Every structure is written in C-alpha cells, then in structure tokens.
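Subject: Handover of a structure and notes on its contents

Dear colleague,

Please find below the structure that I am handing over to you.

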Amino acid sequence: MTRPPSPTVTVTAGAEIGPGAPASQTLDRGLRALELVAAAAEPMTTADVAVALGLHRSITYRMLRTLEDRRLVDRDGGGGWLPGVGLAVLATNVVPEIRSAAQPILESLADATAMTSFLVIRDHDEAVTVSVVEPRSAVAHVTYRPGKRHPVHRGAPGIALLAGAGSGERPEVGACRRRGWAYSESEVLPGMKSVASPVVDDDGACRAAVAVVFVGDHDLAALGRRVAEAATDVARRAWSAPQGRTRPYITSSE
C-alpha cells in the first residue's frame, strides 16, 4: 500500500510550532515587541525590534504602529520606540495595595537619598519594576522606567526578592537575609549600583522589594538601613503591621 506524501510545513522567521506554540501567534509577537521596548535601557529602532523577534521590518513596524495607536509605545524625536503612557494606565491595578502604600515612602526615600527609588515585584523568574520615583531636588540622578524586567537572580532587587522568599543560591541572598538589604553593581545596568530590601507581609511572604539605583560612592551600611526602613514602612502601610515588628526572614542583624 502506497503511503500518501507528508504535508509540507513552512516555518517563517520568528514562528513557533509544536505543543509550546502560542494560541495566537500575532498577539504573541505584538506582546513580545512590547516587552522588548519596555525592558530596553534606551529607545529601540524598528530594525532592533525586528532582529530581536526574527521578523521582517515591515511586519514589525505595523505591530509597533498598532501598539502606538493604543498608547502602549511612543516615539522619541529620532523615531526610536519607547514605552507609552498607556502602560502606566494598565499598571494602575497591579498590586494596588502595595503600590499605593509605597508611593509616599518612595517619594521620601528618593528625596532623602537624592536617588531614584522604585518598587519591584516578582513575576516567575523575573523581577519587574512597577513604580518609580525620581528625586525632586537632586542635581543628577539615574533615570529608571516602570516595566523594566530582569532575571530575578540578578541585581539587588532580585536578590532581595529571593531573600524574602527564603530561596536562592547566591551568597548575597544569605547576606541580605541576615542584614535586611542587598547590594549589587553593574548586574542590571552597566555602571549602575543598587541597594534593595524585601517587603514582607503579615504572613511572612515576600510581596515586593524597595530599591534605589545610583552611581558613585556612598555609605552602603547607612543606605541599606534607610532602604530597609522604607521596606518595613511599606509593609506597615499595606498590611497594618504593628510598629517595631521583626520581619520574619531576618535571621540576625549586622
């Protein structure tokens, strides 16, 4: 018996087949483009996004234009793609109790340290920035954007999240658990330093991390204590934890 010929399958650039393929490839590509632009340290060109996605420039441009129409991305003066204000609107209901509680504390922390402060949450194996406050009177500061993502095992915010969750293999995770704050340099952004501390709820679960990003030399111990105090204040405001309560992940003090 002659077997019928097997059907020909054509796979275009950037396409996925098999059990792990997205339910909607077009939507998946658009969301991946949005994630790339949101996570980039500087504006991306259409060509940059196209190469990263493995797609033709014309297809990529149409996707980005659609996202621009929805205000999810924007363009700078040179035509580079930036995160749009629509992302901030979508983010308003992301962990609202923590973001609301953190806002005034981030503002105070930014002004007191003359550094950009931010709130980070964990999304599976990534740390995601959900709120950013820049200092109002600093001569110079590091610009950071909501939506920034990086691997959770990298950078002070990720270390703090792992320490608060009671997991992680890096020595820095254990150090953060002992003293209440983490430090990193050039792990997320080249040349940038960061200090972060976990935000732990009344049940002892790590819900977020408060962090600052900066350049130059500073008293890390004093800065770490200030950031840890801010993280405790966020937890207190979000869940009415009694003042002076010891955060359960800390095993000793330094």
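Predicted model: local features only at pLDDT ≥ 70, side-chain atom pairs only at ≥ 80, totals over all residues.

Residues are numbered from 1 along each chain as its sequence is written, and side-chain values use heavy atoms, with hydrogens and water left out.

Overall picture

The protein chain has eight helices and eight strands; these are DSSP runs (helices H or I, at least four residues; strands E, at least two), numbered from the N terminus. Of its 254 residues, 41% count as buried, where buried means under 20% relative accessible area, exposed over 50% and partly exposed in between, with a 1.4 Å probe and protein chains only. Among contacts (heavy atoms within 4.5 Å) with a separation of 6 or more, 52% are between residues 24 or more positions apart.

Strand β3 (residues 116-123) pairs with β4 in the antiparallel sense over seven bridges; two strands are taken to pair if DSSP finds at least two bridges between them. Leu 119 has Ser 131 as its bridge partner in β4. Strand β4 (residues 126-133) is mostly covered, with seven of its eight residues buried. β4 also pairs with strand β5 (residues 149-151), again antiparallel, over three bridges, and there Glu 126 stands opposite Pro 151.

The hairpin of β3 and β4 has two residues between the strands. His 124 lies in this loop and has a phi near 60 degrees, a positive value in a residue other than glycine. Most residues other than glycine have a negative phi. His 124 counts as exposed because its relative accessibility is 67%.

β6 (182-185) and β7 (193-200) are both represented in the lining of the largest cavity, discussed below. The two strands run antiparallel and are joined by four bridges, and Tyr 183 has Val 195 as its bridge partner in β7. In the loop between β6 and β7 lies Ser 186, which has a positive phi of about 60 degrees although it is not a glycine. At 39% relative accessibility, Ser 186 counts as partly exposed.

β7 is largely enclosed by the rest of the structure, because eight of its eight residues are buried. On to β8 (206-214), β7 is joined by eight bridges, and these two strands run antiparallel. Val 200 has Cys 206 as its bridge partner in β8. β7 and β8 form a hairpin with five residues between them, and Gly 204 in the turn has a positive phi of about 85 degrees.

Asp 201 is also in the loop between β7 and β8 and counts as buried, because its relative accessibility is 7%. A polar atom of the Asp 201 side chain lies 2.9 Å from the backbone nitrogen of Ala 205.

The largest cavity

The structure holds two cavities of 30 Å³ or more. A cavity is a set of points, on a 1 Å grid over the protein atoms alone, where a 1.4 Å probe fits but cannot get out, and lining residues have an atom within 4 Å of a point. The largest cavity has a volume of about 100 Å³, a volume being the space filled by probe spheres set on the points, which are joined across faces, edges and corners.

Its lining has 16 residues, of which Ser 184, Val 188, Leu 189, Ser 194 and Val 213 lie nearest the centre. The lining divides into eight nonpolar, five polar and three charged residues; here Ala, Val, Leu, Ile, Met, Phe, Trp, Tyr, Cys and Pro count as nonpolar, Asp, Glu, Lys and Arg as charged, and the others, Gly among them, as polar.

α6 (155-165), β6 and β7 each supply at least two residues of this lining, and the largest share, three residues, comes from α6. This helix is mostly covered, with 10 of its 11 residues buried; among them are Ile 159, Leu 161 and Leu 162. Gly 166, which follows α6, has a positive phi near 75 degrees.

A residue in α2

Asp 48 lies in helix α2 (residues 46-53). Asp 48 counts as partly exposed, at 37% relative accessibility. Asp 48 and Val 37 are 11 residues apart in sequence and 9.7 Å apart in space, C-alpha to C-alpha.

Yours sincerely

How values were computed. 1 Å grid on protein atoms, 1.4 Å probe; cavity = no way out; pocket = protein on both sides within 12 Å on 5 of 7 lines; lining within 4 Å. Polar contact = N/O pair within 3.5 Å; in protein donor to acceptor, adjacent residues only side chain to side chain.
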